[in-house]
Amino acid sequence: MSKKVKDSHTVMTQLILPNDTNHLGNLMGGVMMRWMDIVCALSGMRHCNGPVVTAAVDHISFNEPIALGSMITLECFVTRAFKTSLEVYVEVFSESFSGVKTKCNEAFFTFVALDEETKKPVKVPAVIPESERELQLYESALRRRELRLIMSGRIDPKDADSLKMLFS
Ligand SMILES: CC(C)(COP(=O)(O)OP(=O)(O)OC[C@H]1O[C@@H](n2cnc3c(N)ncnc32)[C@H](O)[C@@H]1OP(=O)(O)O)[C@@H](O)C(=O)NCCC(=O)NCCS
């Protein structure tokens with residue numbers, strides 16, 4: 001079974017309140033990561049029609065501070081699915097009262113789908129990319145997967161087909 005990228009598109013909107021900020025009055029990184037994890041997990045669950053758990057997070061960046069009182073949106077979708085794991089790309093935008101959006105953060109989350117009863121990894125539906133951007137993220141997902149599996153010691157660099165040039 002396959003599903004389109006747009007089927008997993010998920011958006012979360014948040015207002016930055018005093019409890020969410022650091023001593024400088026800006027959103028704390030850890031609070032942002034929590035929201036990212038939740039919205040990406042929801043996207044993964046939509047794709048798999050079942051529970052997923054976070055296996056890895058990479059390329060997380062904090063490019064712009066987000067001030068107390070800001071309105072932000074976290075937007076994400078599944079870029080590619082493998083056997084039991086899938087990659088979700090998330091972008092975060094702050095939004096002014098006049099509607100101007102500024103990109104503040106992005107990250108890639110990897111989830112593993114679990115069987116509800118056994119809690120063991122289960123096969124996930126494939127992803128059908130449609131737009132140019134979806135296709136570009138789908139193709140580059142293979143390199144990111146190999147890189148994170150090397151970094152976590154799960155595969156040997158010599159077995160990373162799409163990265164051989166970098167490590168040989
Ligand atoms: C994620 C987890 C289920 C993987 O279990 P495992 O016994 O290593 O399972 P497998 O070896 O069969 O790997 C399953 C998939 O996870 C992927 N995976 C495991 N660790 C990974 C990592 N660090 N980075 C990227 N992918 C990873 C594997 O590549 C495999 O993907 P594939 O089937 O698409 O090829 C297990 O490590 C776990 O339960 N971790 C805790 C998750 C958690 O509590 N998250 C926070 C709360 S949601």
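Trainee: Leaving aside neighbours within four places in sequence, which residues is Asp-58 in contact with?

Mentor: This is a predicted model, in which local features need pLDDT of at least 70 and side-chain atom pairs count only at pLDDT 80 or more, while totals for chains, interfaces and linings use all residues. Residues are numbered from 1 along each chain as its sequence is written, and side-chain values use heavy atoms, with hydrogens and water left out. Contact means heavy atoms within 4.5 Å. With neighbours within four places in sequence set aside, Asp-58 is in contact with Ala-107, Phe-108 and Arg-148.

Trainee: Is Asp-58 buried or exposed?

Mentor: Asp-58 lies in strand β3; helices (H or I, at least four residues) and strands (E, at least two) are DSSP runs, numbered from the N terminus. Buried means under 20% relative accessible area, exposed over 50%, and partly exposed in between, with a 1.4 Å probe and protein chains only. Because its relative accessibility is 16%, Asp-58 counts as buried.

Trainee: With the side chain of which residue does the side chain of Asp-58 make a polar contact?

Mentor: A polar contact is a pair of N or O atoms within 3.5 Å; within protein, one must be able to donate a hydrogen and the other to accept it, and residues adjacent in sequence count only if both atoms are side-chain atoms. At 2.7 Å, the partner of the Asp-58 side chain is the side chain of Arg-148.

Trainee: Which element supplies the largest share of the shell around the ligand?

Mentor: Among the 16 residues around the ligand, those that come nearest include Thr-54 and Lys-83; near means a heavy atom within 4 Å. At least two residues of the shell come from each of β3 (52-62), β6 and α2 (132-151). The largest share, 4 residues, comes from β3.

Trainee: How far is a polar side-chain atom of Arg-145 from an oxygen atom of the ligand?

Mentor: An N or O atom in the side chain of Thr-84 is 2.6 Å from an oxygen atom of the ligand. For a polar side-chain atom of Ser-85, the distance to an oxygen atom of the ligand is 2.7 Å. For Arg-145, it is 2.9 Å.

Trainee: What is the relative accessible area of Lys-119?

Mentor: Lys-119 sits in the loop between β6 and β7. Its phi is near 65°, a positive value in a residue other than glycine. Lys-119 counts as exposed because its relative accessible area is 56%.
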